[in-house]
Amino acid sequence: MQFINVQYNVVEEKSSDEYGTTYIVEDIQKDNLLKHLRIINLQNETGDFINYMKNNFYEYSKYYHPYLIDFYFFNRIQLIDYKQTVLNQYYYTYDYFEGVNLFDYCKNKGFDLILDLAAELCEAVKFLHLRGFLLCRFEKNDLQVVRDGEIDHLKILALPYPQKISSKIIINKKDVCFEAPEVRKGAGYSVLTDVYIIGSVISCMLKAFNHSEENLEDAFSYFDTEDNRKYIGDDYKFIMDIIKKCMDEKPENRFQSTDQIIASINNCFGKDYK
């Protein structure tokens with residue numbers, strides 16, 4: 001496959017999964033601007049998502065934040081290599097960037113850098129909440145670090161969804177590493193499930209959270225080790241308290257907003273994150 005809809009010239013296949021494939025493409029109608037193009041195959045697991053995007057994709061083009069993907073367009077694939085396609089496939093495009101997986105990036109990094117990335121995650125999630133969106137869920141590879149000039153910053157590849165969205169619409173639901181316990185039990189997504197996600201991401205960045213553990217108590221037991229205390233140093237207790245409050249099994253006991261998480265980080269570590 002080389003050309004999609006007589007508009008996108010395929011440069012490279014980047015990744016694939018059970019739902020489709022992501023390519024790096026040149027948009028020949030936009031001076032060969034490089035973009036990411038994510039193909040979604042129409043199948044049982046993706047039908048609700050595709051129907052949702054047909055009616056709502058324009059909502060994603062209304063917002064911009066440097067830590068979120070810059071969404072361009074959603075449409076059906078009509079032509080492949082100038083021939084009518086018989087496959088039921090759809091796609092959406094978003095900005096091109098070169099990134100590295102967040103958790104690979106954090107290996108052997110300093111504690112202050114991890115706090116910076118945690119603050120960026122909170123900032124992006126707050127931006128979504130103020131606009132009626134939720135992060136909901138993502139896969140491990142949906143969190144990247146990209147370079148903008150001389151500065152590295154977070155990039156979230158996963159699409160957010162409106163509050164009170166049906167879970168049937170959301171794809172990429174097989175990785176439960178960052179999923180709040182109430183969601184696993186059938187509850188809906190909420191601001192507080194996003195707070196749980198933030199806590200779990202912070203713990204992963206600290207190389208101290210066992211993704212294979214679904215039991216919250218066991219996961220914290222794994223986190224609480226001599227090596228981890230030595231790695232983090234005197235700030236260990238403070239960051240542990242923040243993570244535990246984010247990831248409390250009872251939603252009502254968690255931080256109730258990203259502002260509260262940032263305020264706690266600022267208070268504990270002498271930061272001035274917004």
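The lining of the largest cavity has, by class, 2 nonpolar, 1 polar and 4 charged residues. Here Ala, Val, Leu, Ile, Met, Phe, Trp, Tyr, Cys and Pro count as nonpolar, Asp, Glu, Lys and Arg as charged, and the others, Gly among them, as polar. The model is a predicted one, in which local features need pLDDT of at least 70 and side-chain atom pairs count only at pLDDT 80 or more, while totals for chains, interfaces and linings use all residues. Residues are numbered from 1 along each chain as its sequence is written, and side-chain values use heavy atoms, with hydrogens and water left out.

**Cavity and pocket**

Rolling a probe the size of a water molecule over the atoms shows where empty space is left. On a 1 Å grid over the protein atoms alone, a cavity is a set of points where a 1.4 Å probe fits but cannot get out, whereas a pocket is an open set with protein on both sides within 12 Å along at least five of seven lines; lining residues have an atom within 4 Å of a point. Grid points are joined across faces, edges and corners, and a volume is the space filled by probe spheres set on the points.

A search of the whole structure finds 1 cavity of 30 Å³ or more. The largest cavity has a volume of about 30 Å³, and its lining consists of Cys 122, Glu 123, Lys 126, Thr 258, Asp 259, Ile 262 and Lys 274. Helices α3 and α9 each supply at least two residues of this lining. Helices (H or I, at least four residues) and strands (E, at least two) are DSSP runs, numbered from the N terminus.

The largest pocket has a volume of about 660 Å³. Of the 31 residues that line this pocket, Ser 15, Asp 17, Arg 38, Asp 142 and Asn 172 are the closest to its centre. Two or more lining residues come from each of β2 (8-17), β4 (33-41), β8 (89-95) and β9 (99-101). The largest share, 4 residues, belongs to β2. By class, the pocket lining has 13 nonpolar, 8 polar and 10 charged residues.

**Helix packing**

Two packed helices are described by the angle between their axes and the distance between the axes. Axes are lines fitted to C-alpha atoms, for helices over the stretch in contact, and angles run from 0 to 180 degrees between N-to-C directions. A crossing is left-handed if the near helix is turned anticlockwise from the far one by less than a right angle, and right-handed if clockwise.

| Helix pair | Axes come within | Crossing angle |
|---|---|---|
| α3 (residues 111-130) and α9 (residues 258-269) | 9 Å | roughly 155 degrees |
| α5 (residues 191-205) and α8 (residues 236-246) | 7 Å | roughly 145 degrees |
| α3 and α5 | 10 Å | roughly 165 degrees |

Helices α3 and α9 are therefore roughly antiparallel to each other (an angle over 145 degrees), and α3 passes α9 in a left-handed crossing. Contact means heavy atoms within 4.5 Å. Among the α3 residues that meet α9 are Cys 122 and Lys 126, and among their α9 counterparts are Thr 258, Asp 259 and Ile 262. This contact has 9 nonpolar, 2 polar and 2 charged residues.

Helices α3 and α5 are likewise roughly antiparallel to each other, but the crossing of α3 and α5 is right-handed. Cys 122, Val 125 and His 129 are among the α3 residues that meet α5. The contact of α3 with α5 has 11 nonpolar, 1 polar and 1 charged residues.

Helix α5 passes α8 in a left-handed crossing. Val 195, Tyr 196, Gly 199, Ile 202 and Ser 203 of α5 make this contact with Ile 239, Ile 243 and Cys 246 of α8. These residues divide into 6 nonpolar, 2 polar and no charged.

Notes: Parallel < 35°, antiparallel > 145°, perpendicular 65-115°, else oblique.
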